[in-house]
Amino acid sequence: MKYLDEYRDAEAARKFARGIARVTTRPWTIMEVCGGQTHAIVKFGIDELLPREITLIHGPGCPVCVTPVELIDKALELAARPEVIFCSFGDMLRVPGSTTDLLAVKAAGGDVRIVYSPLDAVKTAEQNPHREVVFFAVGFETTAPATAMAVHQAARKGLRNFSMLVAHVLVPPAIEALLGAPDCRVQGFLAAGHVCTVMGYEEYLPIAAKYSVPIVVTGFEPLDILQGVLFCLRQLEGGRAEVQNQYTRSVRKEGNLPARQLIRQVFRVVPRKWRGLGQIPQSGLRLSDAYRELDAELKFGVAELRVEESAECLSGLVLQGKLKPTECPAFGARCTPEHPLGATMVSSEGACAAYYRYRREPAQPAAIQGNDR
Amino acid sequence: MCLAIPGKITSISGEDELMRIGKIDYGGIQKEASLACVPEAKVGDYVIVHAGFAISRVDEEEAGKVFEYLRQMEELSEPGSAAPP
């Protein structure tokens, strides 16, 4: 497919790897923020193309993984109601709440439906005027415009049977929270290309300056990631800490202005608890007052719940890049995708799921295009 | 979750800008996506689509720059040439 296959070329990947080896003079630790990048790195064995001095650590960029247990429990409560059709992205169905998951609620008779787009949930509400349709709005800035459009369409169509449970989170405050931690090892960041496609990268400028870290906005294919690493290393080796854009075919400095405007109209920024990371100020989205009638938490009065995480799950450390998934004692034994202890083992973008899928045996990376690496 | 893939717009419908829908071809598979936030996109353009929603139009000129960079990097690393920038 155009704009995908050419960025998986094995020979070009090797050239980038050689370029990276030439500029590297000492150890560096770089975090890729987005779970999509984590999967590409583990799947294509990109980390194994890099010199030994370079450590890639995996960031918290998986919205499914960081959705707090309290919100999952609210979703479970709503999904079990007989009048509700509960619409969710497929990734959320196996994420464990404090006692069960959405898949179990569905098996017990709950009307839980997987949707590909928030706009599909609006259609479901139109087609089922006598049922209550609740959409579980999970995602980063990448997903927020589609969610905002669903709100806009539902309001415009006057749908009174549509609402959403909003779990949207924002990336820059989480990066700041990681950098502000006293034991932070991250020296450079690969920022998430699709988040920046929507939001642009101006908000990263003060972060790069304050913490003296290079931040390279990076795409998701092997050549994108390798070039992002190279840009980051050139800055680190040269003593610079700037915001740089690798993913120029999609990301403009100001982002997507109509999408940003849509987000601003529909949401307001609020503090949010992240699973594994705790409360982060100004890191979540909630429906603005103009759209409060579509807020499922208010509409159904789901109680404020207080729950404890499984003590055995170390996903908090994984999400902060302090522990590799394979270093967790439960990994692959008491915690598998079929019986996960935490969300990082469930989501298609969770670091534990990526390692379980590609790294249980001695590494067998998927072939980059050309199959001759 | 932030998975978004490029596809080619094969047709556009919809009464106004915010309701603009495109038929998108992903290497043979066709699916609809909202074009509300890419008002500049035309039939034949590639857009990057996430959750049924186009978030950007692919900039063709920029798309080639990775390869241009690689070519320059290789030239500069030839023995006898200056160090890469």
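I began with the contact between the chains, which takes 30 residues from chain B and 44 residues from chain A (two residues are in contact if their C-beta atoms, placed from the backbone, lie within 7 Å). I noted that this is a predicted model, in which local features need pLDDT of at least 70, side-chain atom pairs count only at pLDDT 80 or more, and totals for chains, interfaces and linings use all residues. Residues are numbered from 1 along each chain as its sequence is written, and chains are lettered from A and ligands numbered from 1 in the order in which they are written.

I looked up which elements of chain B touch chain A: β4 (46–50), β5 (53–57), α1 (60–63) and α2 (65–77) each supply at least two residues (helices, H or I with at least four residues, and strands, E with at least two, are DSSP runs numbered from the N terminus). The largest share, seven residues, comes from α2(B).

Next I turned to the sheet of chain A. I found an open sheet of five strands, in the order β2-β1-β7-β8-β9, with parallel pairing (two strands pair if DSSP finds at least two bridges between them). β2 (54–61) and β9 (243–245) each have a single partner strand, so one side of each lacks a neighbour in the sheet. Three bridges join β8 (residues 215–218) of chain A to β9(A). I noted that A:Val217 has A:Asn245 of β9(A) as its bridge partner.

Last, I checked helices α1 (residues 10–23) and α12 (residues 222–237) of chain A, whose axes come within 10 Å and cross at roughly 10° (axes are lines fitted to C-alpha atoms, for helices over the stretch in contact, and angles run from 0 to 180 degrees between N-to-C directions). α1(A) and α12(A) are therefore roughly parallel (angles under 35 degrees).

Definitions and conventions. Parallel < 35°, antiparallel > 145°, perpendicular 65-115°, else oblique.
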